[in-house]
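The questions below concern strand pairing and aromatic contacts. Each answer works towards the value or name asked for.

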Amino acid sequence: MTKKEQSKDLSLLRERQILQLIPVSQSTFRRWVKDGKFPAGFKITGRITVWRSCVVFDWIKNAQDWAEVGQ
C-alpha cells in the first residue's frame, strides 16, 4: 500500500463533507445511517461524528455498482 493510499484510509470525513459527495438531504442521510443503509460513523468528541473516508468511498462505489446493475 502506498503512502497516498494509507493516508486516504486514515482521513476522516464529517457529515457536511459526506453530503457534498452524496446528493441527499441531511435528514435522508441521517435516516440511512439509523436504518443501516449507510455505515455508522464514530464520535471523536461528544458532539462530533466522523466516518473513515475509505468506508465512505467504498459505499459510494458499491452504490454506483448497484445502480448500474439496475439499469
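Q: In which sense do β2 and β3 pair, and over how many bridges?
A: The model is a predicted one. Two strands count as paired if at least two bridges are found between them. For β2 and β3 the sense is antiparallel, and the number of bridges is 2.

Q: Which residue in β3 is the bridge partner of K43?
A: A hairpin of 5 residues leads from β2 to β3. β2 covers 42–43, and β3 covers residues 49–52. Within β3, the bridge partner of K43 is T49.

Q: Which residue in β3 is the bridge partner of R14?
A: β1 spans 12–14. This strand is joined to β3 by 3 bridges, and the two run antiparallel. The partner of R14 in β3 is V50.

Q: What is the order of the strands in the open sheet?
A: The sheet has 3 strands with antiparallel pairing. β1 and β2 are the edge strands, as each pairs on one side only. β3 has bridges to β1 and also pairs with β2. The order is β1-β3-β2.

Q: How many aromatic pairs are there, and which residues do ring pairs link into a cluster?
A: Ring centres within 6.5 Å make a pair. By that rule the count is 5 aromatic pairs. The cluster linked by ring pairs consists of F29, W32, F38, W51 and W59.

Q: What kind of aromatic pair do F29 and W51 form?
A: The centres of F29 and W51 are 5.4 Å apart, with 65° between the planes. Planes over 60 degrees apart count as edge-to-face. The pair links distant parts of the chain, since F29 is in helix α3 (residues 26–35) and W51 is in strand β3, 22 residues apart. Both residues are buried, and the pair they form is edge-to-face.

Q: Why is the pair of F38 and W51 classed as it is, and what is the class?
A: The ring centres of F38 and W51 are 6.5 Å apart. Their planes stand at 70°, so the class is edge-to-face.

Q: How many residues apart in sequence are the parts that F38 and W51 tie together?
A: Both F38 and W51 are buried. F38 is in the loop between α3 and β2, whereas W51 is in strand β3, so their pair ties together parts whose separation in sequence is 13 residues.

Note on methods: Residues are numbered from 1 along each chain as its sequence is written. This is a predicted model: local features need pLDDT of at least 70, side-chain atom pairs count only at pLDDT 80 or more; totals for chains, interfaces and linings use all residues. Side-chain values use heavy atoms; hydrogens and water are left out. Helices (H or I, at least four residues) and strands (E, at least two) are DSSP runs, numbered from the N terminus. Rings of Phe, Tyr and Trp (its six-membered ring) pair if their centres lie within 6.5 Å; planes under 30 degrees apart count as stacked, over 60 as edge-to-face and the rest as tilted. Buried means under 20% relative accessible area, exposed over 50%, partly exposed in between (1.4 Å probe, protein chains only).
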